[in-house]
Amino acid sequence: LSSMELDCQQEVLELIQLEAVNGQDLLDQSISWYTTLALIKSDRREDALRVLHPLSQLEGPYRTEAIKLEKLLLK
């Protein structure tokens, strides 16, 4: 979130391995959610969808918003 506020999300995205962000615990879900937002802000829509999709399938605090955002990105 801070990286997006500072408009340096690309630097953070380079440090995150996107394939490793699809965990089921709440911390992984939070990382996935904010990674998705940073990817969208970086115009990496396909990567954002790939990270976002598991959140729309898992029970957790981001599920409802993930479903809405996934539908919006697929338009």
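How closely do the axes of α3 and α5 come, and at roughly what angle do they cross? They come within 12 Å and cross at roughly 25 degrees. Here is the rest of the picture, piece by piece.

## What you're looking at

This is a predicted model, where local features need pLDDT of at least 70, side-chain atom pairs count only at pLDDT 80 or more, and totals for chains, interfaces and linings use all residues. Residues are numbered from 1 along each chain as its sequence is written, and side-chain values use heavy atoms, with hydrogens and water left out.

The chain has five helices and zero strands, so along the sequence you read α-α-α-α-α, because helices (H or I, at least four residues) and strands (E, at least two) are taken as DSSP runs, numbered from the N terminus. Of its 75 residues, 36% count as buried; buried means under 20% relative accessible area, exposed over 50%, and partly exposed in between (1.4 Å probe, protein chains only). Take the contacts (heavy atoms within 4.5 Å) between residues at least 6 apart in sequence: 56% of them join residues at least 24 apart.

## α3 against α5

Back to the opening pair. Axes are lines fitted to C-alpha atoms, for helices over the stretch in contact, with angles running from 0 to 180 degrees between N-to-C directions. The crossing angle makes α3 roughly parallel to α5; angles under 35 degrees get that label, while over 145 is roughly antiparallel, 65 to 115 roughly perpendicular and the rest oblique. The crossing of α3 past α5 is left-handed, a term for the near helix being turned anticlockwise from the far one by less than a right angle (clockwise would be right-handed).

On the α3 side, Trp-33, Thr-36, Leu-37 and Ile-40 meet Glu-65, Ala-66, Leu-69 and Leu-73 of α5. Sort the residues of this contact by class and you get six nonpolar, one polar and one charged. Here Ala, Val, Leu, Ile, Met, Phe, Trp, Tyr, Cys and Pro count as nonpolar, Asp, Glu, Lys and Arg as charged, and the others, Gly among them, as polar.

## α3 against α4

Helix α3 (residues 26-41) also packs with α4, at an angle of about 155 degrees and with the axes 9 Å apart. That makes this pair roughly antiparallel. From α3, the contact takes in Gln-29, Ser-32, Trp-33, Thr-35, Thr-36, Leu-39 and Ile-40, and from α4 Asp-47, Ala-48, Val-51, Leu-52 and Leu-55. By class, that's seven nonpolar, four polar and one charged.

Start with Thr-36 in helix α3. Thr-36 has 0% relative accessibility, so it counts as buried. Leaving out residues up to four places away in sequence, Thr-36 touches Ala-48, Val-51, Leu-52 and Leu-69. Next comes Leu-73, in helix α5 (residues 63-74), which is buried at 9% relative accessibility. Its C-alpha atom is 7.3 Å from that of Leu-49, 24 residues away along the chain.

Last up is Ser-56, in helix α4 (residues 45-57). Ser-56 is buried, with a relative accessible area of 3%. Its side chain makes a polar contact of 3.0 Å with that of Glu-70. A polar contact is a pair of N or O atoms within 3.5 Å; within protein, one must be able to donate a hydrogen and the other to accept it, and residues adjacent in sequence count only if both atoms are side-chain atoms. Beyond its neighbours within four places in sequence, Ser-56 is in contact with Arg-63, Ala-66, Ile-67 and Glu-70.
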